[in-house]
Amino acid sequence: MPGIAVVTGASSGIGAATARQLAEAGFPVVLGARRLDRLAKLAAETGGTAVSLDVTDQASVDAFATAVRETASKLGQGVNVLVNNAGGARGADPVDKADVADWQWMYEVNVIGVVRVTKALVPDLEASGQGHIVVVSSTAGHIVYEGGGGYTAAKHGTTAVAETLRLELSGRPIRVSEIAPGMVRTDEFAVNRFDGDAEAAAKVYEGVANPLTAEDVADCIAWTVTRPAHVDIDLLVVRPLAQA
Ligand code: NDP
(Lines give C-alpha, C1' and ligand atoms only; values in the text may rest on other atoms or scores of the structure.)
Protein backbone atom coordinates (compact mmCIF):
# COMPACT_ATOMS: atom_id res chain seq x y z
CA MET A 1 0.00 0.00 0.00
CA PRO A 2 1.37 3.47 -0.86
CA GLY A 3 1.78 6.05 1.92
CA ILE A 4 -0.72 8.73 2.78
CA ALA A 5 -1.89 11.34 0.25
CA VAL A 6 -2.95 14.70 1.68
CA VAL A 7 -5.30 16.85 -0.40
CA THR A 8 -6.08 20.45 0.53
CA GLY A 9 -9.32 22.02 -0.69
CA ALA A 10 -10.87 18.56 -0.85
CA SER A 11 -14.42 19.70 -0.06
CA SER A 12 -15.36 20.45 -3.69
CA GLY A 13 -14.27 20.58 -7.32
CA ILE A 14 -10.77 19.47 -8.29
CA GLY A 15 -9.75 18.60 -4.72
CA ALA A 16 -12.71 16.30 -4.12
CA ALA A 17 -12.23 14.58 -7.50
CA THR A 18 -8.51 14.17 -6.79
CA ALA A 19 -9.18 12.64 -3.38
CA ARG A 20 -11.54 10.12 -5.00
CA GLN A 21 -9.01 9.15 -7.69
CA LEU A 22 -6.10 8.86 -5.24
CA ALA A 23 -8.21 6.71 -2.93
CA GLU A 24 -9.09 4.51 -5.93
CA ALA A 25 -5.36 4.28 -6.69
CA GLY A 26 -4.83 2.86 -3.20
CA PHE A 27 -3.64 5.88 -1.21
CA PRO A 28 -5.09 6.39 2.26
CA VAL A 29 -6.28 10.01 1.88
CA VAL A 30 -6.33 12.87 4.37
CA LEU A 31 -8.79 15.54 3.30
CA GLY A 32 -8.43 19.18 4.36
CA ALA A 33 -10.75 22.19 3.93
CA ARG A 34 -12.95 24.47 6.02
CA ARG A 35 -16.30 22.74 5.31
CA LEU A 36 -16.00 19.67 7.51
CA ASP A 37 -19.53 18.41 6.73
CA ARG A 38 -18.57 17.91 3.08
CA LEU A 39 -15.22 16.40 3.99
CA ALA A 40 -16.88 13.96 6.36
CA LYS A 41 -19.11 12.66 3.53
CA LEU A 42 -16.13 12.28 1.21
CA ALA A 43 -14.13 10.58 3.96
CA ALA A 44 -16.94 8.06 4.42
CA GLU A 45 -16.97 7.43 0.65
CA THR A 46 -13.20 7.10 0.24
CA GLY A 47 -12.28 5.54 3.57
CA GLY A 48 -10.18 8.64 4.20
CA THR A 49 -9.77 11.01 7.12
CA ALA A 50 -11.44 14.44 7.24
CA VAL A 51 -9.55 17.21 9.02
CA SER A 52 -10.54 20.85 9.33
CA LEU A 53 -8.09 23.16 7.56
CA ASP A 54 -7.95 26.87 6.90
CA VAL A 55 -4.76 27.49 4.92
CA THR A 56 -4.86 31.20 5.84
CA ASP A 57 -4.61 30.40 9.57
CA GLN A 58 -1.26 29.17 10.92
CA ALA A 59 -2.80 27.53 14.02
CA SER A 60 -5.21 25.60 11.78
CA VAL A 61 -2.34 24.46 9.52
CA ASP A 62 -0.32 23.33 12.56
CA ALA A 63 -3.28 21.34 13.91
CA PHE A 64 -3.84 19.87 10.44
CA ALA A 65 -0.21 18.73 10.18
CA THR A 66 -0.48 17.12 13.62
CA ALA A 67 -3.62 15.25 12.51
CA VAL A 68 -1.84 14.09 9.32
CA ARG A 69 1.02 12.72 11.45
CA GLU A 70 -1.37 10.98 13.82
CA THR A 71 -3.20 9.36 10.90
CA ALA A 72 0.09 8.24 9.35
CA SER A 73 1.28 6.73 12.58
CA LYS A 74 -2.07 5.00 13.21
CA LEU A 75 -1.86 3.41 9.74
CA GLY A 76 1.86 2.69 10.05
CA GLN A 77 2.44 4.63 6.81
CA GLY A 78 4.62 7.51 5.70
CA VAL A 79 3.29 10.71 4.13
CA ASN A 80 4.00 10.29 0.41
CA VAL A 81 1.89 12.92 -1.34
CA LEU A 82 0.77 16.47 -0.65
CA VAL A 83 -1.62 18.02 -3.18
CA ASN A 84 -1.71 21.78 -2.59
CA ASN A 85 -5.04 22.45 -4.27
CA ALA A 86 -6.90 24.88 -1.97
CA GLY A 87 -7.29 28.19 -3.74
CA GLY A 88 -9.67 30.48 -5.48
CA ALA A 89 -10.45 33.72 -7.29
CA ARG A 90 -12.40 36.80 -6.24
CA GLY A 91 -13.58 39.66 -8.44
CA ALA A 92 -12.95 40.75 -12.02
CA ASP A 93 -12.14 44.43 -11.61
CA PRO A 94 -9.42 46.07 -13.67
CA VAL A 95 -6.25 46.91 -11.76
CA ASP A 96 -7.13 50.60 -11.43
CA LYS A 97 -10.39 49.61 -9.71
CA ALA A 98 -8.91 46.73 -7.71
CA ASP A 99 -10.59 45.65 -4.50
CA VAL A 100 -7.44 45.37 -2.41
CA ALA A 101 -9.09 43.06 0.13
CA ASP A 102 -9.87 40.57 -2.67
CA TRP A 103 -6.28 40.74 -3.91
CA GLN A 104 -4.96 40.17 -0.39
CA TRP A 105 -7.27 37.17 0.08
CA MET A 106 -6.14 35.65 -3.24
CA TYR A 107 -2.48 36.04 -2.31
CA GLU A 108 -3.10 34.62 1.15
CA VAL A 109 -4.97 31.52 -0.04
CA ASN A 110 -3.17 30.76 -3.34
CA VAL A 111 0.40 31.61 -2.31
CA ILE A 112 0.90 31.80 1.46
CA GLY A 113 -1.53 28.90 1.94
CA VAL A 114 0.70 26.68 -0.22
CA VAL A 115 3.76 27.84 1.69
CA ARG A 116 2.20 27.19 5.12
CA VAL A 117 1.04 23.64 4.36
CA THR A 118 4.20 22.72 2.47
CA LYS A 119 6.43 24.05 5.23
CA ALA A 120 4.49 22.03 7.81
CA LEU A 121 4.70 18.74 5.89
CA VAL A 122 8.11 18.75 4.13
CA PRO A 123 9.79 16.94 7.07
CA ASP A 124 7.20 14.13 6.86
CA LEU A 125 7.36 13.92 3.06
CA GLU A 126 11.15 13.71 3.26
CA ALA A 127 11.07 11.11 6.03
CA SER A 128 8.85 8.89 3.87
CA GLY A 129 11.74 8.56 1.40
CA GLN A 130 9.30 9.02 -1.53
CA GLY A 131 7.69 12.42 -1.07
CA HIS A 132 5.76 14.20 -3.80
CA ILE A 133 4.40 17.73 -3.65
CA VAL A 134 1.79 18.67 -6.25
CA VAL A 135 0.94 22.35 -6.61
CA VAL A 136 -2.29 23.17 -8.44
CA SER A 137 -1.57 26.51 -10.09
CA SER A 138 -3.41 27.52 -13.26
CA THR A 139 -2.74 28.73 -16.77
CA ALA A 140 -3.37 32.03 -14.93
CA GLY A 141 0.03 31.40 -13.36
CA HIS A 142 1.62 31.72 -16.80
CA ILE A 143 -0.46 34.30 -18.68
CA VAL A 144 -2.43 37.45 -17.87
CA TYR A 145 -5.87 38.59 -19.01
CA GLU A 146 -8.02 41.66 -18.54
CA GLY A 147 -10.01 41.64 -15.32
CA GLY A 148 -7.87 38.84 -13.94
CA GLY A 149 -5.04 40.90 -12.43
CA GLY A 150 -5.49 39.80 -8.82
CA TYR A 151 -5.88 36.11 -9.65
CA THR A 152 -3.09 36.00 -12.24
CA ALA A 153 -0.74 37.86 -9.87
CA ALA A 154 -1.53 35.34 -7.14
CA LYS A 155 -1.23 32.29 -9.40
CA HIS A 156 2.07 33.57 -10.84
CA GLY A 157 3.11 33.55 -7.18
CA THR A 158 1.90 29.96 -6.83
CA THR A 159 4.01 29.00 -9.86
CA ALA A 160 7.03 30.81 -8.40
CA VAL A 161 6.65 28.89 -5.14
CA ALA A 162 6.46 25.56 -7.02
CA GLU A 163 9.53 26.35 -9.16
CA THR A 164 11.54 27.57 -6.17
CA LEU A 165 10.62 24.47 -4.18
CA ARG A 166 11.80 22.28 -7.05
CA LEU A 167 15.22 23.96 -6.98
CA GLU A 168 15.52 23.95 -3.22
CA LEU A 169 14.44 20.34 -2.74
CA SER A 170 16.68 19.06 -5.51
CA GLY A 171 18.75 16.12 -4.27
CA ARG A 172 16.23 15.26 -1.55
CA PRO A 173 13.60 12.52 -1.95
CA ILE A 174 10.70 14.84 -2.77
CA ARG A 175 9.35 15.35 -6.27
CA VAL A 176 7.64 18.66 -7.06
CA SER A 177 5.01 18.85 -9.80
CA GLU A 178 3.03 21.86 -10.89
CA ILE A 179 -0.35 21.17 -12.51
CA ALA A 180 -1.62 24.18 -14.46
CA PRO A 181 -5.21 23.73 -15.64
CA GLY A 182 -6.99 26.01 -18.07
CA MET A 183 -10.72 26.50 -17.74
CA VAL A 184 -12.37 23.89 -15.52
CA ARG A 185 -16.11 23.85 -14.93
CA THR A 186 -16.43 23.23 -11.21
CA ASP A 187 -19.55 23.92 -9.19
CA GLU A 188 -18.19 26.71 -7.08
CA PHE A 189 -15.03 28.31 -8.42
CA ALA A 190 -16.72 30.85 -10.71
CA VAL A 191 -19.68 31.40 -8.38
CA ASN A 192 -17.31 32.24 -5.51
CA ARG A 193 -15.34 34.54 -7.81
CA PHE A 194 -18.47 36.62 -8.35
CA ASP A 195 -19.64 36.45 -4.74
CA GLY A 196 -22.56 34.10 -5.44
CA ASP A 197 -23.73 35.76 -8.68
CA ALA A 198 -24.55 32.63 -10.75
CA GLU A 199 -25.27 34.66 -13.90
CA ALA A 200 -21.85 36.35 -13.87
CA ALA A 201 -20.30 32.96 -13.12
CA ALA A 202 -22.03 31.30 -16.08
CA LYS A 203 -20.59 33.98 -18.43
CA VAL A 204 -17.07 32.79 -17.59
CA TYR A 205 -17.73 29.60 -19.56
CA GLU A 206 -19.22 31.35 -22.62
CA GLY A 207 -17.03 30.95 -25.66
CA VAL A 208 -15.19 27.82 -24.49
CA ALA A 209 -17.00 24.68 -25.53
CA ASN A 210 -16.42 21.70 -23.27
CA PRO A 211 -14.36 23.14 -20.46
CA LEU A 212 -12.34 20.61 -18.47
CA THR A 213 -14.06 18.79 -15.63
CA ALA A 214 -12.69 18.39 -12.13
CA GLU A 215 -12.19 14.70 -13.00
CA ASP A 216 -10.01 15.61 -16.00
CA VAL A 217 -7.63 17.52 -13.74
CA ALA A 218 -7.78 14.88 -11.00
CA ASP A 219 -6.81 12.33 -13.64
CA CYS A 220 -3.67 14.37 -14.46
CA ILE A 221 -2.77 14.61 -10.76
CA ALA A 222 -3.34 10.90 -10.13
CA TRP A 223 -1.24 10.02 -13.20
CA THR A 224 1.55 12.39 -12.07
CA VAL A 225 1.86 10.88 -8.59
CA THR A 226 1.71 7.28 -9.77
CA ARG A 227 4.72 7.49 -12.13
CA PRO A 228 7.72 5.37 -11.08
CA ALA A 229 9.81 7.07 -8.35
CA HIS A 230 12.58 8.17 -10.74
CA VAL A 231 10.12 9.95 -13.08
CA ASP A 232 9.75 13.58 -12.13
CA ILE A 233 6.92 15.52 -13.81
CA ASP A 234 7.89 19.18 -13.58
CA LEU A 235 4.97 21.07 -15.15
CA LEU A 236 1.80 19.73 -16.67
CA VAL A 237 -0.38 22.29 -18.49
CA VAL A 238 -3.85 21.01 -19.40
CA ARG A 239 -6.45 23.02 -21.29
CA PRO A 240 -9.81 22.33 -22.89
CA LEU A 241 -9.31 21.80 -26.62
CA ALA A 242 -11.29 24.96 -27.37
CA GLN A 243 -9.18 27.22 -25.13
CA ALA A 244 -6.26 28.93 -26.88
P1 NDP B 1 -13.61 25.08 -5.78
O2 NDP B 1 -14.10 26.43 -5.35
O3 NDP B 1 -14.59 24.00 -6.05
O4 NDP B 1 -12.56 24.50 -4.71
C5 NDP B 1 -11.75 25.31 -3.93
C6 NDP B 1 -11.34 24.49 -2.71
O7 NDP B 1 -10.43 25.26 -1.93
C8 NDP B 1 -12.54 24.14 -1.82
O9 NDP B 1 -12.43 22.81 -1.40
C10 NDP B 1 -12.38 25.10 -0.65
O11 NDP B 1 -12.87 24.47 0.53
C12 NDP B 1 -10.86 25.23 -0.59
N13 NDP B 1 -10.47 26.44 0.12
C14 NDP B 1 -10.75 27.73 -0.19
N15 NDP B 1 -10.24 28.54 0.75
C16 NDP B 1 -9.64 27.74 1.67
C17 NDP B 1 -8.94 27.97 2.88
N18 NDP B 1 -8.77 29.21 3.37
N19 NDP B 1 -8.45 26.92 3.57
C20 NDP B 1 -8.62 25.65 3.11
N21 NDP B 1 -9.27 25.36 1.97
C22 NDP B 1 -9.77 26.40 1.27
O23 NDP B 1 -12.70 25.36 -7.05
P24 NDP B 1 -11.82 24.43 -7.99
O25 NDP B 1 -11.94 23.02 -7.62
O26 NDP B 1 -12.13 24.86 -9.36
O27 NDP B 1 -10.35 24.97 -7.63
C28 NDP B 1 -9.35 24.17 -7.04
C29 NDP B 1 -7.98 24.75 -7.39
O30 NDP B 1 -7.83 24.74 -8.81
C31 NDP B 1 -7.78 26.20 -6.94
O32 NDP B 1 -6.45 26.37 -6.50
C33 NDP B 1 -8.02 26.98 -8.24
O34 NDP B 1 -7.35 28.23 -8.21
C35 NDP B 1 -7.42 26.02 -9.25
N36 NDP B 1 -7.87 26.20 -10.63
C37 NDP B 1 -9.21 26.22 -10.95
C38 NDP B 1 -9.60 26.40 -12.26
C39 NDP B 1 -11.03 26.49 -12.67
O40 NDP B 1 -11.31 26.95 -13.81
N41 NDP B 1 -11.99 26.06 -11.86
C42 NDP B 1 -8.60 26.54 -13.34
C43 NDP B 1 -7.24 26.46 -12.90
C44 NDP B 1 -6.89 26.29 -11.59
P45 NDP B 1 -13.61 25.20 1.76
O46 NDP B 1 -14.39 26.35 1.18
O47 NDP B 1 -14.46 24.10 2.33
O48 NDP B 1 -12.51 25.62 2.67
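## Close-up views of a predicted model

**View 1. The largest pocket of the model.** About 1200 Å³ of space lies in the largest pocket of this structure, which is a predicted model. Its lining is made up of 48 residues, and those that lie nearest the centre of the pocket are Gly87, Gly88, Ala89, Tyr151 and Phe189. Sorted by class, the lining of this pocket holds 21 nonpolar, 18 polar and nine charged residues.

**View 2. Elements that line the largest pocket.** Helix α1, strand β2 and the helices α4, α5 (149-168) and α6 (189-193) each supply at least two residues of the lining of the largest pocket. The largest share of that lining comes from α6, which contributes four residues.

**View 3. The second largest pocket.** The second largest pocket holds about 250 Å³ of space, and 18 residues line it, with Ser12, Gly13, Ala16, Arg20 and Asp187 lying nearest its centre. Helices α1, α2 (36-46) and α8 (214-225) each supply at least two residues of this lining, and α2 provides the largest share, five residues. By class, the lining of the second largest pocket has six nonpolar, four polar and eight charged residues.

View 4. Seven strands form an open sheet in the order β3-β2-β1-β4-β5-β6-β9, and their pairing is parallel. At the edges of this sheet stand β3 (49-52) and β9 (235-238), each of which pairs on one side only, and the twist from one strand to the next averages 15°. Helix α1 (residues 13-24) packs on the sheet, where it touches β1 (4-8), β2 (29-33) and β4, and the direction of α1 makes about 170° with that of β1. Helix α4 (residues 100-127) also packs on the sheet, touching β1, β4, β5 and β6 (174-181), and the direction of α4 makes about 170° with that of β4.

**View 5. The pairing of β4 with β5.** Strands of a sheet pair through backbone hydrogen bonds, in either a parallel or an antiparallel sense. In this close-up, strand β4 (residues 79-84) and strand β5 (residues 131-136) pair in the parallel sense over four bridges. Valine 81 stands opposite histidine 132, which belongs to β5.

Terms used. Residues numbered from 1 in each chain as written. Predicted model: local features only at pLDDT ≥ 70, side-chain atom pairs only at ≥ 80, totals over all residues. Heavy atoms only, no water. Pairing = 2+ DSSP bridges. Axes fitted to C-alpha atoms, helices over the stretch in contact; angles between N-to-C directions. Contact = heavy atoms within 4.5 Å. 1 Å grid on protein atoms, 1.4 Å probe; cavity = no way out; pocket = protein on both sides within 12 Å on 5 of 7 lines; lining within 4 Å. Points joined across faces, edges and corners; volume = space filled by probe spheres on them. Nonpolar A, V, L, I, M, F, W, Y, C, P; charged D, E, K, R; others polar.
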